Amino acid sequence: MSIADASNSKPPLSVRLRGQLGGYGFLLPWLLGFVVLTLGPAVSSFYLSLTDFGLMGSAKWIGAENYVRIASDDPRFWTAMKVTFTFVLLSVPLKLVFALAIAVALNKGLRGLTIFRAIFYLPSLIGGSVAIAVLWRQVFSGDGVLNQVLSALFGYEGPSWISNPSTSLYTLVLLAAWQFGSSMIIFLAGLRQIPTDMYEAASIDGASRRRQFIKITLPLLTPVIFFNAVILTIDAFKAFTSAFVVSDGSGGPIDSTLFYTLYLYQEAFTNFRFGYASALAWVLVVIIAFFTALSFMSAKYWVHYDD
Amino acid sequence: MTDTAHLPSAVEADSTPDGDKHSPMKRALIYALLTAVSFIMLYPLLWMVSSSFKPENEIFATTSLIPQEFTLDAYRRGWNGLSVSFGHMFLNSLLISVLVVVGNLISCSMAAYAFTRLQFKGRGFWFALMLGTLMMPQHAVLIPQYLMFLKFGWVNTIMPLVVPKFFAIDAFFIFLMVQFFRGIPRELDEAAIMDGAGPLRIFLKVILPLSTPVMATAAVFSFIWTWDDFFAPLIYLNDIEKYTAQLGLRTFVDATAQSDWGALLAMSTLTVLPIFILFLLFQRLLIEGIATTGMKR
């Protein structure tokens, strides 16, 4: 009971020391992992980005040359940027709109909500797997399911959407949009937070449902919209598996699905240009950090926080 | 961190007061719409499963979801379609996924306990850094990690896929557990301290026994994400005997040169099946996990 006796003053040194040791003891695995697997590699990859380094030989210091080459002498980098930004700018808004629309529909107090919610969530859970990318490849191929359905319903003989460079990227955008479920769940949780008396007051004042949605639901939901947008954008920049499987790792046809991460993978693990790939990795980190910072700065103009 | 934190009860409520004012017509319309969207969304999946039981010539002959002739032929062809059977690759995936679950549960719960319950210098600093790693893309550390594991002789073994998880590398799970541990009343710790319990005993006898929901959520998510992971195995595993089911499936795409869709869809169905079963069993846990942290798939 010695601890209880000392409770009115500072705990004795031995207890405080025990606390410190206990704290760091429990933190040790994370701390080791952080230093060895995150901090060390992050510093070292920045160093590598300033070198010419392959599988053989040692890293040769070349200063900013990799970055200069990325900016001025690498057409595939710019292709990858264009593909990735197109993907991000199309898939993120599509996902947000689907997720919000379905969440609002599900928030009407319908029976069977849990079943619908489960059905809409399922694609998010499995959509990143190779199997689904394989399936997508089939669905959008020349003799795939989509064309079968189009032909049966409208007599329209569609092309191979996957092997046509002007449509291949959009099939991947659709695959991403198909996975709106987890954002929808977050929206649902946000909708439940809106106090119902606000709607009651608005109805008494004669506000229509549409007006209530625009004046109450949307503004109160902006923190959740913001949060989803940031998370989805970061995830979209990092998309990899679907493009890899659909294009056999090439990013084709003619680089039309060359996602940034895919290009990075090719440089690092097919061409073994570790120095150059490290520079590409840091460019990606900076792009993601820039867009995250930009969203946070824009937040004060449109995100509604409780007073 | 997010406005959606701690909503499990709100998530599970099955109706809202908002709902009573709709006319039956409008209700029916919403149902019809939701059912139509559900069907369109599920159609590719249903088609995949049904095609895997059809004979090869029937797959492209009809859009019907019910096989006219039911056969397991595609599964037989697929299972042994590569030089190593899919059974072997499923076991590889299972081993890796189980080890990752164990590693994440132990290391992340320890870190979360330190962050929420123990007083030590620098706690806030380390916590902020941990949150920072949540946002950081793995690409920044990918290449040096690879070179390090290459030096250790770990490339082409499961070590790079498993060992980091014992060092709480998945900050997402620390965050998830921190959220949960914060909700456990501190009076319980204080009572245990009165009884002379140290940090270790409080962790094992007070915190962990009360944390089964969050541990289960972390376990299921860890398993699913590891099972589904493609990038890390692609980089680290070279020999087909070491392949995971995902790598096997991707190799199978090449091997069949898209001439045996039946077998390909059969193996696709099989690789998704474990996730689907976990989804059916733990749907509520998964959905609550997403609603409380607002993260990831």
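Is A:R76 buried, partly exposed or exposed at 26% relative accessibility? A:R76 counts as partly exposed (buried is under 20% relative accessible area, exposed over 50%, partly exposed in between, with a 1.4 Å probe and protein chains only). This is a predicted model, in which local features need pLDDT of at least 70 and side-chain atom pairs count only at pLDDT 80 or more, while totals for chains, interfaces and linings use all residues. Residues are numbered from 1 along each chain as its sequence is written, chains are lettered from A in the order in which they are written, and side-chain values use heavy atoms, without hydrogens and water.

A:R76 has a partner. Its side chain meets that of A:D255 in a salt bridge, 3.0 Å from N to O (a side-chain nitrogen of Lys or Arg within 4 Å of a carboxyl oxygen of Asp or Glu). A:D255 lies in the loop between α12 (241–246) and α13 of chain A, and A:R76 in helix α4 (residues 75–106), so the pair ties together parts 179 residues apart in sequence. Helices here are DSSP runs of H or I, at least four residues, numbered from the N terminus.

The structure holds seven salt bridges over all chains. Another joins A:R273 and A:E267 at 2.7 Å. A:R273 is partly exposed at 37%, whereas A:E267 is buried at 3%. In chain B, B:D189 and B:R117 meet at 2.6 Å. B:D189 sits in helix α10 (residues 186–194) and B:R117 in helix α5 (residues 86–117), so this pair ties together parts 72 residues apart in sequence. Both B:D189 and B:R117 are buried.

Now the interface. Between chain B and chain A the count of salt bridges is zero. Contact (heavy atoms within 4.5 Å) involves 110 residues of chain B and 97 residues of chain A. The area buried between them is about 9400 Å², with 75% from carbon and sulfur atoms. Buried area is the accessible area (1.4 Å probe) that two parts lose on being put together, summed over both.

Aromatic pairs come next. Rings of Phe, Tyr and Trp (its six-membered ring) pair if their centres lie within 6.5 Å; planes under 30 degrees apart count as stacked, over 60 as edge-to-face and the rest as tilted. The whole structure has 59 such pairs over all chains. The rings of A:F269 and B:Y146 have centres 4.9 Å apart and planes at 75°, so they are edge-to-face. This pair crosses between chains, from helix α13 (residues 260–270) of chain A to helix α7 (residues 139–152) of chain B. A:F269 and B:Y146 are both buried.

Notes
Helix = DSSP H or I, 4+ residues; strand = E, 2+ residues; numbered from the N terminus.
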